[in-house]
Amino acid sequence: AAPVLLTCYAVALARVTGTRPVVIRVLVSNRFRPGLARTVSPITQLGLLVVEVAGRTFEEVLDQVRRRMLATYKHAYYDPVQLEALLERLATERGEAIDLGCQFNDRRLDLELRGPVPAAAEARAALADSSFVWQHKQDDLPYEPLYVHVENVPDTVALTVNGDTQYISPAGMEACLREIQAVAVAAAGDPAYKVDQA
């Protein structure tokens, strides 16, 4: 389920922003190596995942995400100060800032969905049970440009979106979540459909 949800997010992000390929920073718990067991430091870092969706089927994008997720999880070790220096240098060389603000965090404790895979008709029918609610507005502290979380809610897929309206409008944030849902439902009906076709 984790790669499927990340694939849906990548496709939704490409559709909503028009950006291809999409670059997503994935929250990675990277203290699984025995040599780091006694390290006093954050236990997570944001790994980098680049996903190309143009001209591809859902299955092709999913295969790409699965392979790249493994590499992202394995190599999410870096010095944040060196990352900032690298981004500054590249921005100077390119003449424009590099924004790595689209992020994804799967907070579920059990990363697999249980039960039978629903038929396409069941997935479409379940759309009537979905809802979207704005929880709160925050003006005093900046958010990352766009951050989607998969919440740890049993027997459902609950997504939360945080964003900075200087980068993406509230309507764009909502559209991103709705597109994730639309992609999931379309893939349930036909995993070979072209994801660039809304």
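This is a predicted model: local features need pLDDT of at least 70, side-chain atom pairs count only at pLDDT 80 or more; totals for chains, interfaces and linings use all residues.
1. Numbering starts from 1 along each chain as its sequence is written, and side-chain values use heavy atoms, without hydrogens or water.

2. The axes of α1 and α2 (residues 58-74) come within 9 Å and cross at roughly 115 degrees (lines fitted to C-alpha atoms over the stretch in contact, with angles from 0 to 180 degrees between N-to-C directions). On the α1 side A2, P3, V4, L6, T7, C8 and V11 take part, and they meet F58, V61, L62, V65, R66 and M69 of α2 (contact is heavy atoms within 4.5 Å). This contact has 11 nonpolar residues, one polar and one charged (Ala, Val, Leu, Ile, Met, Phe, Trp, Tyr, Cys and Pro are nonpolar; Asp, Glu, Lys and Arg charged; the others, Gly among them, polar).

3. With α5 (residues 170-189), the α1 axis comes within 8 Å, at a crossing angle of roughly 130 degrees. The crossing of α1 and α5 is right-handed. C8, Y9, V11, A12, R15 and V16 of α1 meet G172, A175, C176, E179, I180, V183 and A184 of α5. By class, that contact has 10 nonpolar, one polar and two charged residues.

4. Do look at the R20 to P21 peptide bond, which is cis, with omega about -5 degrees. P21 lies in the loop between α1 and β1. Most peptide bonds are trans.

5. The second largest pocket has a volume of about 370 Å³. Among its 14 lining residues, L13, T17, T19, D99 and C102 are closest to the centre. Elements giving two or more residues to the lining are α1 (2-17) and β1 (22-29). The lining divides into 10 nonpolar, three polar and one charged. A pocket here is an open set of points on a 1 Å grid over the protein atoms alone where a 1.4 Å probe fits, with protein on both sides within 12 Å along at least five of seven lines, and lining residues have an atom within 4 Å of a point. Points are joined across faces, edges and corners, and the volume is the space filled by probe spheres set on them.

Conventions. Helices (H or I, at least four residues) and strands (E, at least two) are DSSP runs, numbered from the N terminus. A crossing is left-handed if the near helix is turned anticlockwise from the far one by less than a right angle, and right-handed if clockwise.
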